[in-house]
Amino acid sequence: MNCILNYQSAVMKQMRGMLTAIGLAAFLAMGLPLQLQAANPDFQNTSPRGAKRGTEVQVTFTGSRIDDAQEILFHQPGISFKDLKWAVDEKTKRGSLTATLVIAPDARLGEHQLRLRCKSGVTYARTFWVSQFDNVAEVEPNDSFEEPQTIPLNSTVTAAVKPEEVDFFKVQAKKGQRISVEIEGLRINNVRNRVAIDPYVAILDKDRFELAVSDDSALLKQESVISIVAPEDGEYVIEIRDASYQGSGRYRAHIGSFPRPLAIYPSGAKAGSETEFTLIGDPKGTYKAKAKMPVDLVDEHEVFGMHENLIPASGNKVRVSPFENVLEAEPNNKKEEATNAPHSLPLAFNGILEEPGDTDYFKFTAKKGERYRFKTYANRIGSPVDTVLYIYNEKGGSVGSNDDADGSKDSRVDFNCPADGVYFVRVKDMLDRGGKDFVYRVESEPYTPGILVTMPEMLRRDNQYRKQFNIPQGNNFAMVVNVSRQNLSGDLQFDLPKLPAGVTWEAGTIPKNLSQFPILLKAAPDAPVAGAMYDFQVKTVDAEKPVVGKYSQSIAFVRGNPNGTAYYTRSNDQLPIAVVEKAPFSISIDQPKVPIVRNGTMKLKIRANRLDGYDKKIVVRMLWRPPGISCPATMTFNEKDTELEYELNANANAEVNNWKITMLAESDGGKGQMVVAAPFVNLSVEEPYVGMKLNLTTVKQGQKTEMVANIDQLRDFEGEAQVQLFGLPAKAIAQTMKINKGTTELRFPISTELDTPVGQHKNMFCTLVLTKNGAPITHRVGMGGVLRVDPKPKEPAKPAPKPAADPKAVAAKAPAPKPEKPLSRLEQLRLEAKKAAEQK
């Protein structure tokens, strides 16, 4: 953790230097991934960050574009508001939003989530923290051990820490009295993609000897929690700082004699039951407390175990499930000593790895073909156990095992019973650690049908972006919904049991093969500006097999390095929906008169209706695309534009169906982004009317040829269709041709030139456009055609003419007479004899 914060601090220091040197505007122009633009409106934080229950406190809300706030929406019961108002300081001319929060005496301790509902929309969720003690503000100077701030025991300190700063607080305690400290630091700071502080706390005696220290904790992860029993009457000093001395942010420190158990056993109970729990890890020893479980199933329910008339600053988390508990009975370290399950599955096995090397066995029976998912709950509910889960058959053979699963240190094994018989569950810690607070729970979940309902992350590292349905009066808003079927198949449908006055919704049936689908909300022109948190559900279409899934969305309140890692995440099970003031623009899509065909294209006509001369750019995007349909990511209406064409492309496997489609449009009129949606139009995806095969064709440079296309008439059509050949090489042309429903072969005349590139020219295709209802239906056919261009033929070379001969040159070039061959002596004698005979 410390090394992460050190790296983060270095990065942020560098960024601050950049901001100082080049200015904020230039920094934003660089396109660095801060995403500083906010949704409209933008609520960032409250001051103070919390208060005591049973009191009223004035709170200031920080943010931008929140001057039109009308209401505060609370996710949990226990807090209400009054006197919400925006005021402008006459001297500074700065405005501020304030309200009085009324905290009920029985309000739940710890985190409460809230939003502002403004005339312009509902904001992101932020947190507010409730304590059982009076809140005491930090008073400087208190940054030395010799000059600590004196506070009463059982106080909640509201303070801030800076880099290299240490805060000291002094309390009086009697011998045997508990001194507990619990910090809310990392969780209460809202700094985008940065952990503000990683708290460190120490309890010191009057001589500055450390009695106990805490950095991180299994119970509260990066937050500090510590508790001791005072060894003597006297003064004790609490030291609080950032663990790496680099953090900067606010914190709340609960300092008192309250109990602080570190674990709870069992770690869950059956819904609706009253269960006695054992609270473990308090310095005064283990104690017990009873708690009534909620009727609804809950992943994390907090149990506040009272001791000596005080309760912990935060509860211990338990699971609320439909299963009966099986509690381990020691010794159960061997298969032969396994704790026997008194009932058949599904059950919840609970145990404690009480010492290093401890391992626990449970025995159960199952029948062939039964399927269960065994999941451990330890790290997720504040236990230090890093579980390893095993399942064995009666002979000790492995049926399955797992270490980490589902993005946590908890384990999961999917069990498909291979035969009737006895089986064993074994649990151990990965590093064979153990301790009194090493609690765990293993639930055997049957494979029952279920539906998970969420919304996709539309902006990286911001899972609240566009998760608020802010619908302008007389306009629309749309969102894509993720549905995950669990042990279920079939079509699904949306269900919103209640909505603001004047709001209706529209959506198609979610086909069984899709896991994403759009929904459109519409506000009447006279719908009152109002809103709240609403249930949102998805259910099966088949009424004989009813299954309902409820919306649930994780909210990462704190992110940091590396790469925007989520450090503190909570779950939200309701959707904020509000009618907001009228937007200065709306958009619509002209209803297509014809279908788009597989391997075809279509140009949608998008219209912008600008009110009162609104002349800002409007960016549109297709929020959701039917399977097999592609399109540009965005297109833009420039200032004063009112029409544009948005091209859709269907691939060869586009799903044939009638789909409802919409466009999302956003524009910044100077007060943040305004977002509206177009009313649904129907897009029909159909099979093509014509198929085509382009045959391999060859031609020599400078010559003409014909490319033959075989036409496959798939569906009847009226009139003629124009066919154009694409993909020809440079310096080659082909005529546009026409066909009708009776055409089976088409010949494209192709002309080339002497410098048309030689080679095989692949990936040729045709566009085929036929007209129906006065609108074009464009096909792409004949994909993969090939034209081979060969070199032009070579002509034989002509001999050069001979020049007239020059007599002198000829004579000069005439060959010299060959010298006579000398006669041999015999030839000489014969010649002399011949001449002598002639003389006679």
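The exercises below treat this structure, which is a predicted model.

**Exercise 1. Surroundings of Val558**

Determine in which element Val558 is placed, whether Val558 is buried or exposed, and which residues Val558 contacts beyond its neighbours within four places in sequence.

Solution. 
- Step 1: Val558 belongs to strand 45, which covers residues 553–560.
- Step 2: The relative accessibility of Val558 is 2%. Buried means under 20%, so Val558 is classed as buried.
- Step 3: With neighbours within four places in sequence left aside, Val558 contacts Leu186, Arg187, Asn189 and Val195, together with Thr565, Ala566, Tyr567 and Tyr568.

**Exercise 2. The largest nonpolar core**

State which residues touch the most other members of the largest nonpolar core, and which strand supplies the largest share of this core.

Solution. 
- Step 1: The largest nonpolar core consists of 97 residues. Within this core, Phe536, Tyr646 and Phe748 touch the most other members.
- Step 2: Strand 38, residues 476–486, contributes six residues, the largest share.
- Step 3: As general background, nonpolar side chains in soluble globular proteins tend to be buried together.

**Exercise 3. The sheet that contains strand 38**

Give the strand order of the open sheet of four strands, identify the strands at the edges, and describe how strand 38 is joined to strand 41.

Solution. 
- Step 1: The order of the open sheet is 36-38-41-40, and the pairing is antiparallel.
- Step 2: The edges are formed by strand 36 (450–454) and strand 40 (503–506). Each of these has a single partner strand, so one side of each has no neighbour in the sheet.
- Step 3: On average, neighbouring strands of this sheet are turned by 30° against each other, with direction ignored.
- Step 4: Strand 38 and strand 41 (residues 516–523) run antiparallel and are joined by seven bridges. Ala478 has Leu520 in strand 41 as its bridge partner.

**Exercise 4. Backbone geometry**

Locate the cis peptide bonds at Pro266 and Pro331, and characterise the positive phi values of Lys93 and Asn487.

Solution. 
- Step 1: The reference is that most residues other than glycine have a negative phi, and most peptide bonds are trans.
- Step 2: Tyr265 and Pro266 are joined by a cis peptide bond with omega about -5°. Pro266 is situated in the loop between strand 20 (263–265) and strand 21 (268–270).
- Step 3: The bond from Glu330 to Pro331 is also cis, with omega near 0°. The loop that holds Pro331 runs between strand 26 (324–327) and strand 27 (339–340).
- Step 4: Lys93 has a phi near 65° and lies in the loop between strand 5 (79–88) and strand 6 (95–103). Its relative accessible area is 63%, so Lys93 is exposed.
- Step 5: Asn487 has a phi near 55° and lies in the loop between strand 38 and strand 39 (492–495). At 40% relative accessibility, Asn487 is partly exposed.

**Exercise 5. Salt bridges**

Solution. 
- Step 1: Lys270 is in strand 21 and Glu324 in strand 26, so the pair ties together parts 54 residues apart in sequence.
- Step 2: Lys270 is partly exposed at 33%, as is Glu324 at 38%.
- Step 3: Arg607 is in strand 50 (residues 600–610), and Asp590 is in the loop between strand 48 (585–589) and strand 49 (596–597), 17 residues apart.
- Step 4: Glu686 is in strand 58 (residues 681–686), while Arg715 is in the loop between strand 61 (704–713) and strand 62 (721–726).
- Step 5: Through shared partners, salt bridges join Glu111, Glu300, Lys317 and Arg570 into one network.

Terms used. Residues are numbered from 1 along each chain as its sequence is written. This is a predicted model: local features need pLDDT of at least 70, side-chain atom pairs count only at pLDDT 80 or more; totals for chains, interfaces and linings use all residues. Side-chain values use heavy atoms; hydrogens and water are left out. Helices (H or I, at least four residues) and strands (E, at least two) are DSSP runs, numbered from the N terminus. Buried means under 20% relative accessible area, exposed over 50%, partly exposed in between (1.4 Å probe, protein chains only). Contact means heavy atoms within 4.5 Å. A nonpolar core is a set of buried Ala, Val, Leu, Ile, Met, Phe, Trp, Tyr and Cys residues joined through side-chain atoms within 4.5 Å. Two strands pair if DSSP finds at least two bridges between them. Axes are lines fitted to C-alpha atoms, for helices over the stretch in contact, and angles run from 0 to 180 degrees between N-to-C directions. A salt bridge is a side-chain nitrogen of Lys or Arg within 4 Å of a carboxyl oxygen of Asp or Glu.
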